[in-house]
Amino acid sequence: MTVSPAPLPPDSPAPPLRVAVVGPCASGKSTLVAALRAAGYEARHPAQEHSYVPDMWQRLVDPDVLIYLDLSYETYVARRPHGDLGPGFIEEQKRRLAHARAHADLVVDTNRMTPEEVCTGSLAFLAEYLP
């Protein structure tokens, strides 16, 4: 038996947007998810970069908004100097993320951004987002 949630009263606030954050390792996903949750959003990181299922982000989260965080191999090495698995590692993750990137509502190039800038820009986008 499936139970549907009761409709919200007309004067109640809308439920928070469900946000999925995807991107290669070291792009800032965990930091952004934490900031979005602190701001009241229902945010998740579905680990799409590790999945061979192209639409895993949809299956796990079914988000209202999809944010893709991008970075170069050089930035990856700078952020994770002891975890360098070679340029092929990031390229493979980007290949696994191609479906998510194509469907992203916001793509953020994090290469020259601080974590605060990524969070501020993403929150500004969400504040203006109309599905």
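On the face of helix H6 turned away from its buried side lie the exposed residues Glu 116, Thr 120, Ala 127 and Glu 128. The model described here is predicted.

Helix H6 comprises 14 residues, 115–128, and at 1.5 Å a residue it should span 20 Å; its end C-alpha atoms are 20 Å apart, which agrees. The buried residues in H6 include Val 118, Cys 119, Ser 122 and Leu 126. These residues cover an arc of only 95 degrees around the axis, and therefore lie on the same side of H6. An α-helix has 3.6 residues a turn, so residues three or four places apart point the same way. The cover over the buried residues of H6 includes strand S1 (18–22), helix H1 (29–38), strand S3 (65–70) and strand S4 (106–109).

Aromatic rings form a further topic. The count comes to three aromatic pairs, and two of them are set out below.

| Pair | Centre to centre | Angle between planes | Arrangement |
|---|---|---|---|
| Tyr 76 and Phe 89 | 5.7 Å | 40 degrees | tilted |
| Phe 125 and Tyr 129 | 5.8 Å | 45 degrees | tilted |

Tyr 76 belongs to helix H3 (residues 73–79) and Phe 89 to helix H4 (residues 87–96), so their pair ties together parts that are 13 residues apart in sequence. Tyr 76 is buried, at a relative accessible area of 2%, whereas Phe 89 is partly exposed, at 23%. Ring pairs also join Tyr 73 with Tyr 76 and Phe 89 in a cluster.

In the other tabulated pair, Phe 125 is partly exposed, with a relative accessible area of 23%, while Tyr 129 counts as buried at 18% relative accessibility.

Finally, Arg 96 lies over the face of Tyr 52, at 4.0 Å from the ring centre.

Definitions and conventions. Residues are numbered from 1 along each chain as its sequence is written. This is a predicted model: local features need pLDDT of at least 70, side-chain atom pairs count only at pLDDT 80 or more; totals for chains, interfaces and linings use all residues. Side-chain values use heavy atoms; hydrogens and water are left out. Helices (H or I, at least four residues) and strands (E, at least two) are DSSP runs, numbered from the N terminus. The expected span of a helix is 1.5 Å times one less than its number of residues. Buried means under 20% relative accessible area, exposed over 50%, partly exposed in between (1.4 Å probe, protein chains only). The arc is that of the directions from the helix axis to the C-beta atoms. Contact means heavy atoms within 4.5 Å. Rings of Phe, Tyr and Trp (its six-membered ring) pair if their centres lie within 6.5 Å; planes under 30 degrees apart count as stacked, over 60 as edge-to-face and the rest as tilted. A charge sits over a ring if NZ of Lys or CZ of Arg is within 6 Å of the ring centre and within 35 degrees of the ring normal.
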